[in-house]
Amino acid sequence: VLGIVMARIDLPEYRHGFVMDGFPRTVRQAEMLDALLADRHRRVSFALFIEAPEDVILERLTGRRICSQCGETYHKEFKRPKIHGVCDKCWGTVVHRHDDDPATHRERLRTYHEKTLPLGEHYGRKGLLVRINGNQPVDAVAAEIARAIGAG
């Protein structure tokens, strides 16, 4: 995975920066990324840590929906299709994601606590951690992220 990531960020369009979502997922991956970036005279500028209570996270996850044809994403509360159950883009059927059940989400959270949460400590020790309040409306979270990365 790291080779794929590095091949991508070595492209000219990323020489002035990039945002990664979902990588690295472990401290080991972060350390390897740091070393490979250092070889290129680059570094991680900051790491966003979006925080929300687990019950809020679980509620949001269970509300996710997807178009069975084109893959467009929806949410039962935050981004509903204009016509219930019908994709705005391709008119396909909007369905509950097959992997969105409470047991799967609890396992994902367990894995997150075990393997990913320590990334906060890793980047915190380096003074790169920026905490974002994820327990607010989507637009407010987006605005806070934009401010943190200097885009808003």
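Salt bridges and burial

User: Why is Glu-72 called buried?

Analyst: Quick note before that: this is a predicted model, where local features need pLDDT of at least 70, side-chain atom pairs count only at pLDDT 80 or more, and totals for chains, interfaces and linings use all residues. Residues are numbered from 1 along each chain as its sequence is written, and side-chain values use heavy atoms, with hydrogens and water left out. Now, buried means under 20% relative accessible area, exposed over 50%, and partly exposed in between (1.4 Å probe, protein chains only). Glu-72 has a relative accessible area of 17%, so it is buried.

User: What makes Glu-72 and Lys-79 a salt bridge?

Analyst: The term asks for a side-chain nitrogen of Lys or Arg within 4 Å of a carboxyl oxygen of Asp or Glu. For Glu-72 and Lys-79, the N to O distance is 2.8 Å, and that makes the pair a salt bridge.

User: Which label does Lys-79 get, and why?

Analyst: Its relative accessibility is 38%, so Lys-79 counts as partly exposed.

User: And what about Glu-72 and Lys-89?

Analyst: Their side chains meet at 3.1 Å, N to O, which again is a salt bridge. Through shared partners, Glu-72, Lys-79 and Lys-89 join into one network. Lys-89 has 60% relative accessibility, so it counts as exposed.

User: How many salt bridges are there in the structure?

Analyst: Seven. One of them pairs Arg-131 with Glu-51 at 2.7 Å, N to O.

User: Why is Glu-51 called partly exposed?

Analyst: Because its relative accessible area is 32%, Glu-51 gets the partly exposed label.
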